[in-house]
Each structure stands twice: as C-alpha cells, then as structure tokens.
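I opened the model to look at its chains, cores and domains. These are my notes.

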Amino acid sequence: MFKYLKQLTSLVAVVAVLFAFTTESMAAKKSKTLKNTQKKGFVRCGVSQGLPGFSNADAAGNWTGLDVDVCRAVAAAVLGDANKVKFTPLSAKERFTALTSGEIDILSRNTTWTLSRDADLGVTFVGVNFYDGQGFMVRKDSGITSTSQFKNGISACTNIGTTTELNMRDFFNSKGISYEPVAFEKADEVVAAYDSGRCDTYTTDKSGLAAQRTKMTNPDDHMVLPETISKEPLGPVVRQGDAVWEDIVRWSLNVMIEAEEYGISSGNADMMKTSENPAIKRLVGTEGELGSYLGLDQDWSLRIIKQVGNYGESYKRNIADTGILPDRGPNNIWTKGGLLYTPPAR
Amino acid sequence: MKLKKILPQLLTLLFIVLVFGFFTMNAQENMGARGLEFGFGFLKTQASFDIQFSLIDYDGSHTYARAYLVGLLNTLLVAFIGIILATLLGAIVGVARLSPNYLIRKTASFYIEFFRNIPLLLQIFFWYFAALRALPMLEDAPMLLNSSFMTIKGLYTPAPIWTNFDVFFTTIIIAMIVIFFFAKYAKKKQEQEGKRLPVLIISLSIFIGLPLLTFLIGGVDLSWSFPVIRQMSASSYTFDGGLKIPPELIALTLALTLYTTTFIAENVRAGIQGIGKGQKEAAASIGLTQSQVLKLVIMPQALRIIIPPTTNQYLNLTKNSSLAAAIAYPDLVLVFAGTAMMQTGRAIEIVGITMATYLTISLGISLLMNWYNKRIAIQEK
C-alpha cells in the first residue's frame, strides 16, 4: 500500500513540474542574467581598450563602434534604453575570464569564433557581426606589395592572447620563412613598437590594421597587404549556461541585420508599422509575439531599430564614414553579395 | 592548561582550512556550472605559438610545459643578470655616497634620489620606448669593437662556436673545486705557521690555466660567428649569424638594475655608517693599512647590516621582472600567464602554477641569503 503511495506522490510531482513548465513558460524565460540586468538597470558589456570603428571611447567617455552597438541593441531590447550600458575595457588576455567570472554579461570585443573557444572556455558565441581575416601591414618604402616578398629574419609585431599568434606561426611555417615574433599585451604598445621600426610588419585582423593605421605618426607611410591568411569571424560572446540570455543577444544582433535586409531603418521604423509585408510587421512588433518567446515585451525589436539603427546604419556610422573600411566587402547583406544571412525572425 | 595553549592554534588552523575549503568548493562549483574542468593535462599538448627569445630549443611544435620552461628561464635570466649588476653598482654607488669628494658624493645622491622615486614601470617604458628607440636602424648602425652592432632591433654580437664545450665546462668546475681546497689549505697554514701564501695569484692562475690547457690537449676549440647584414626589402635589413640580444631584454635589465641599485646603494651606505668610528681608528692604531681596515674590520661587520635588507631587494627585483609583459620580453608572465592562459583558457591552473613558481624562486633566494647571513654572523664562542 505504502509502496504505491510513494509512486503516486512522485507521479503527482512530475505532473506538477510539467504543468509548471507549460503554464509558467513566461517566468521560466526570466533567466538569471536577464533578471540581474533588469534589477541593476544596465547591461554589463566587455569591449576593447580602444579600437576605432569597433569599440572606442571619445574624450567624454562615450563609447561608439560596431561592437558597442551590439550591447546598445541588447540594452534597448531589455531595458528600453540603448544608453543603459556599462562598458568594461578589456585586454585580449582578460576578456574570457571577465565573462566566465560574471564581471560582464556580453563580450563584444572583436573576438574570433573558433571551435576550441566555443567548446572549451565555458562561453558561447551567438553570431557574427563582422567577417574579418588576418593580414599584414608594412611600410610603403619597403617596396613590399605581397606577402610572397617576405624574407627569412623578418620581425613581426602583434598582440598576445589572440588567434593572431597561432595564425602567424601557421603562415610562416607553411612558407618556410624564419621570423621573430614580438608579442605585446596591449595594442597601443604594438603600434608604438611597429611605428618606431622595431618590427618589419604588424599583423592582426585586417579591420584592426585599418583602424590602428590611423594611430600611426604618418598613416600614409603604411599599407595593408592584400593577402588574407585566415578566417576571422568576429562576434559577441556570452557565458555558457544561460540559454535565454544567449537567445536575447543572438536575436538582438539578428534583428539589426534583418532590419537592413527589409529596408527598415531608424528613420522609417514607425512608418513601417503599416507595411503589408508580414516579415516587416514582425520586426516592428505589429504582428506575432516574438518578444514573449524571449521573455521581453512586444516592442523590443522596434526599440533596437529606432535607437541603434539597422546593421547598415551602424556600419556606415562607425566603419565607413570614419574611413576605416569604406568598402563593405563580405560584411554586406546576402542579397547584395555579402555574407550576412540571418535565420528569419518569426 | 595545555588545552588553553593549543585551542587558539587549533581554531586558527580550522579557520584557515575552512577559508581554503570554501574557495576551493566555490571554484569547483562555478567551474562545474560553466562546464569547465580542472586539470593539468593541457601541459602535455602542443603549444602552437612561437616565442621571440628562448634559452633552450623551442618552437610552436613543443608542449605548453616546454613553453613554461622557456618563460621561467627567461625570468631567471633577467633576475640573475639584474641581481649581479645591481649588487656591483650598488656597492660602488653606496661607497661613493660617503666619498670625501663633493662632486662624487652629490652625483651619487642625485642618482639615488632620482631613480628611486620614479615608478619602475615608467622607467621600463622610458628605456624601451624613448631611449632604445633612438637607436639607429640596422643599415645605419656603426660597428662597435669591430664586431658588434647596437640597433633598434637589438644588440648583435659575435656568437661563440665551441667544439667539445663539455670538456671545457668540466675543467672549469674542477678548477673551482681545486681552488676551494687550496684556499682552505692556505688558511690553515696561515693559522698554524703564520705564513701567508699568495692565494689570489695562485687561484687566478689555476682558474685561467686549467681551462686554457684543454685548448692545447683536450681538443677544445673556439671560433666566432660574426653578424653579417642582409637586405630583406627596399627599407628593411636583418643580420645573419652572430648572437642577437633583443632590445626588450636590454631595456628590462637596464630599468631593473638602475632602479634596484638605488636601494642596494642605500643599504651599503647604511651598513658602513652603522660601524662606529672607533672601530676604524682602533684598527688603524694597531697598524693595519687602509685596505686592511676596510677588508678585515669594517666590511665583515657592515655586511651583517647590509645583507638582510639587500635580500629583500633581490626578491623585489625578481618579482618586478614580471613587468616584462609590458614591453614584450617573453618572461614567465607574458608567455605562460599570458599567451598560454589565453590559448588554453585554464586560468585557475595557470595562475596557480605561476604563483607557486614565483613563491619557489623567492623562497629559494631567501634561503640562500639566510644561509650566507648566518655564515657571516657573529659566532659566539
């Protein structure tokens, strides 16, 4: 008799749990990170220590950049205000520890998505906001126009703690060229050392090279070689173990990209509410219940588009108009020959 | 009664165990929650990154353990050179501080006050980015001593090429052992018979003569590889052959030495001033020469005052060498707690190993210096 009673209670418990899951899906969406963020009133975002175009602070301490806009989009979606972000500048070495230890909730710091990082560091990459590749910068007066002109004994300045160090070895090894790696902890010191003549070449992601070139004494004395020696898909990263937060960050980025695809911008977002296209209506929140799936309200995506803008606006503002990389290349919407192709927001 | 004595000890111990236990549990729990595993297996995997400057054979196909060793040796190298140079310079500047010559005395105090009061990191940046950067490019560098070049990319010197180096090295060790026993014998003879042997001259001739002999009969030979300039592109050059000392090592050694010298110099000055004037006068009155007074009376007593604080400076220099990371000198912190930590993501393990390593080095230096201090301490008979 008691035996059955025991089984009966466990059955009731299981049913209760299942019931709780089905009816309280909204509450379950309240992830720990989301709850903490709403309680604090700001999104904690890890960025670089200063990379023009991606994450850079002006004299007044205002952060701008393509990576910065991802965090602003999340703040707009979650807190309703794109300015409610607390930025933490991190070195390449510190970034993952800062994320896994809970010091920041989003790492948006020109970080390359690789298998070992995704699987072994306790973090999850949510998407790609910039398709990049590693390249080399040289002095124009060296007469070098291609990496095939590199000779034994070349010294290369770079940062520690990045995929750059590994790619560099693969590249020089495969070419059979002996080289001297000079690796610094901070980007500013790499620039200073290369600029003064300590190294013959400076190697990092091409976007980084284009941005850092502006910091040289005479930017026009330097050029980036055409070759790209690696794939560097850069994107935002979150801690493992909070699937809802992961989804929120992923879809905040996707909304920016899809908004550009459908021609929704910060300027015309309100007018688009009356659009006939259901895909557009979903993005501006007049159709469907996309927000509730993420534990957010109905206007979350509209706020992103209105306050931060679509991906194209962000690119133009941060990367193109600043003269870093006017040509969008692979970082264009797939319908325009680029690689930006997001799953549909529906 | 006994319990009363032990109880506080036990409670303290319990407290320490609990605190450590809490941190371990906390770390384990959080790592588990993030799917991270604790372990040292990564040390055996391939490092895949190259290191600029290494004392042992290393490239990216070696393991992380080997990379750790490279970093450790680079740290020990800079600490070793720094300690020796700072001690020599410190002794000179310390004595100069007490010089009767006004100019020498003031120059020494100015040097001490200047370098002691500027943060070390700033000095490292100064030597690396301001001073060394003023050096010429390779193609413009003048030849020094008919063989070497001091350039923006480092110091290029001739490299020795040995044949049968092991024979040569063994002979040096043998020579040192012989000198040790000879010195003991000479001291005994002086104590028993009052005769003084010319210890210094005989020791020196053993030390130089024995290894030289190996060149004649041991098959040891030494030739030099000279650096030869080669053009890589329209504007960049490199040197083939020879030995390259990177500018990072030079800047770091310079900064550490000049900074630590000031503290050691002050220790030396304090040590000498700590000996009463009467000692000097008494020694002179029994007919000892000026150098004998210093060597036999002043210094043995002054050393007792100088050694303990100087040990501290040795430890500081070693620990300060970790600032190398700022200027790309591949020391333990840059290679292991930097690149290796980043590539593997094993923050807790790597920081743990690095901390244990510095602790071991520091305790090792303390042990050595304490032993020396005991040896020169007053022995009550």
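**Conventions.** This is a predicted model: local features need pLDDT of at least 70, side-chain atom pairs count only at pLDDT 80 or more, and totals for chains, interfaces and linings use all residues. Residues are numbered from 1 along each chain as its sequence is written, and chains are lettered from A and ligands numbered from 1 in the order in which they are written.

**Domains of chain A.** I looked up the bounds, which come from an automatic or database domain assignment. Chain A has domain 1 (1-29), domain 2 (31-131 + 234-336) and domain 3 (134-230). The C-alpha centres of domains 2 and 3 of chain A lie 30 Å apart. Each of these two domains gives 14 residues to their contact; I count a contact when C-beta atoms, placed from the backbone, lie within 7 Å.

**Helix H7 of chain A.** Helices (H or I, at least four residues) and strands (E, at least two) are DSSP runs, numbered from the N terminus. H7(A) covers residues 163-175 and reaches 18 Å from its first C-alpha to its last. That is close to the 18 Å expected, taken as 1.5 Å times one less than its number of residues. I checked burial next (20 or more other C-beta atoms within 10 Å of a residue's own). The buried residues of H7(A) include Leu166(A), Met168(A), Phe171(A) and Phe172(A). Their cover includes strands S8, S9, S10, S11 and S13 of chain A, together with H10 of chain B. Just after H7(A), Gly176(A) takes a positive phi of about 70°.

**Between the chains.** I found 31 residues of chain B in contact with 38 residues of chain A. On the chain B side, H10(B), residues 332-344, gives the largest share, five residues.

**Cores.** A nonpolar core is a set of buried Ala, Val, Leu, Ile, Met, Phe, Trp, Tyr and Cys residues joined through C-beta atoms within 7 Å. The largest has 147 residues, and Val74(A) and Leu252(B) touch the most other members. Its largest share, twelve residues, comes from H7(B), residues 247-273. Another core, of six residues, lies apart from it and includes Leu138(B) and Phe149(B).

**A sheet in chain B.** I traced an open sheet of four strands, ordered S1-S2-S3-S8, with antiparallel pairing. S1(B) and S8(B) stand at the edges with a single partner strand each, so one side of each is left without a neighbour in the sheet. S1(B) pairs with S2(B) over two bridges; pairing needs at least two DSSP bridges. Phe149(B) in S2(B) is the bridge partner of Met143(B).

Key: Buried ≥ 20, exposed ≤ 12 C-beta atoms within 10 Å, placed from the backbone.
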